[in-house]
Amino acid sequence: MSKLVIVGTVAFDAIETPFGKTDKILGGAATYIGLAASQFNVDGAIVSIVGGDFPKDDLKMLEAKGMDLTGLEVVENGKTFFWSGKYHNDMNTRDTLITDLNVLADFNPKVPEDYRDAEVVMLGNLHPLVQLEVIEQMDSPKLIVLDTMNFWMDSALNELVQVIAKVDVITINDEEARQLSGEYSLVKAAAKIMEMGPKYVVIKKGEHGALLFGNDDVFFAPALPLEEVFDPTGAGDTFAGGFTGYLAKTGNYSFNNMKNAIINGSALASFCVEMFGPERLLNLSNKEVHQRLQQFKSLTQFDIKLT
């Protein structure tokens, strides 16, 4: 099994959806990625920063899930990153109400010595310069996966392009793929993005599934039709955690194995949206995950006679 380094926010969120709203709850990209990756019992380390206001019980919970927190800095006199958002009725669009960077404004990531030889690195959504700092601290990872968003395309494009040139996989949504590439066709968009450096491009389409591109190969994974979606927050990060967690567990970074990783990531993301915040991921059983994977298999498997 390979080591996995997870870089991203460990934070507080306050969320409002058509189904209700929360006060401050546990959130952050690294939190969702770590909880999803823990389903595969990987040797994972979270590199992040929190303030002295962050609950010790939540830190203990992450450690109990198998996450090494040596690289998680606690600034005792600082406040933890806080984000608040309100989702529209379609649950695909949202308004950001509050973004308080707090200790994240001065975050200098430090990868623990024991994890600088990790084979897999998951760069959660952060400023590209922070992501670059992490890459420079790693020895020679076999797989670097990058998650980013349109905000960095608007505000730090040059730095983002530098990061993209150094990674193996980039995961972005369809709108971001079009913005980054200047192409409307997602096939052409993926080809242009691969010319920037990555060997593989994962384009997330929310409730419409995800696409994996690599050279001339394309794979599509549907999203599981769900009766209810309570909170989409963290679904993309959960997907990324499942994707990289599976790859770290198997140590196989081929296109064919990435297909399996996509399905595992999609399955875990389908659980995430069933409750507010990461709550659904906290007590997820292996049996539930296996049943959900069976549903994905049934959804996509068919026999057809070709003549």
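Mentor: Let us begin with the second largest pocket of this predicted model, which holds about 250 Å³ of space.

Trainee: Which residues line the second largest pocket?

Mentor: The lining consists of Ser38, Gln39, Phe40, Asn41, Lys65, Lys249, Asn264, Leu284, Asn286, Val289, His290 and Leu293. Helix α11, residues 286–300, supplies the largest share of that lining, with four residues.

Trainee: What makes a residue of this lining count as charged?

Mentor: Asp, Glu, Lys and Arg count as charged. The lining has two charged residues, beside four nonpolar and six polar ones. Lys65 and Lys249 belong to the lining, and they are charged because Lys is in that class.

Trainee: Turning to helix packing, why is α3 called roughly parallel to α5?

Mentor: Helix α3 (residues 128–137) and helix α5 (residues 157–164) pack at an angle of about 30°, and their axes are 8 Å apart. Angles under 35 degrees count as roughly parallel, and α3 is therefore roughly parallel to α5. The crossing of these two helices is left-handed.

Trainee: Which residues make the contact between α3 and α5?

Mentor: Helix α3 contributes Pro128, Leu129, Gln131, Leu132 and Ile135, while α5 contributes Glu159, Leu160, Gln162 and Val163. By class, this contact has six nonpolar, two polar and one charged residues. Glu159 is part of the contact, and it is charged because Glu falls in that class.

Trainee: What makes α8 oblique to α9?

Mentor: Helix α8 (residues 235–250) and helix α9 (residues 255–272) have axes 7 Å apart and pack at an angle of about 140°. Roughly antiparallel would require an angle over 145 degrees. The angle of about 140° therefore makes α8 oblique to α9. Helix α8 passes α9 in a right-handed crossing.

Trainee: How many residues of each class are found in the contact of α8 with α9?

Mentor: There are 11 nonpolar, eight polar and no charged residues. Among them are Phe239, Phe243 and Tyr246 of α8 and Met258, Ile262 and Leu268 of α9. Gly242 of α8 and Gly265 of α9 also take part; they are polar here because Gly is placed in that class.

Trainee: Why is α6 called oblique to α7?

Mentor: Helix α6 (residues 174–181) and helix α7 (residues 186–195) pack at an angle of about 60°, with their axes 9 Å apart. Roughly parallel applies under 35 degrees, and roughly perpendicular applies from 65 to 115. The angle of about 60° therefore makes α6 oblique to α7. The crossing of α6 and α7 is left-handed.

Trainee: Which residues of α6 and α7 meet?

Mentor: Asp174, Ala177, Arg178, Leu180 and Ser181 of α6 meet Leu186, Ala189, Lys192 and Ile193 of α7. This contact has five nonpolar, one polar and three charged residues.

Trainee: Where does His208 lie?

Mentor: His208 is in the loop between β13 (200–204) and β14 (210–214). Leaving aside neighbours within four places in sequence, His208 is in contact with Phe220 and Ala223. The C-alpha atoms of His208 and Glu76 are separated by 42 Å, and these two residues are 132 residues apart along the chain.

Conventions
Residues numbered from 1 in each chain as written. Predicted model: local features only at pLDDT ≥ 70, side-chain atom pairs only at ≥ 80, totals over all residues. Heavy atoms only, no water. 1 Å grid on protein atoms, 1.4 Å probe; cavity = no way out; pocket = protein on both sides within 12 Å on 5 of 7 lines; lining within 4 Å. Points joined across faces, edges and corners; volume = space filled by probe spheres on them. Axes fitted to C-alpha atoms, helices over the stretch in contact; angles between N-to-C directions. Left-handed = near helix turned anticlockwise from the far one by under 90°. Contact = heavy atoms within 4.5 Å.
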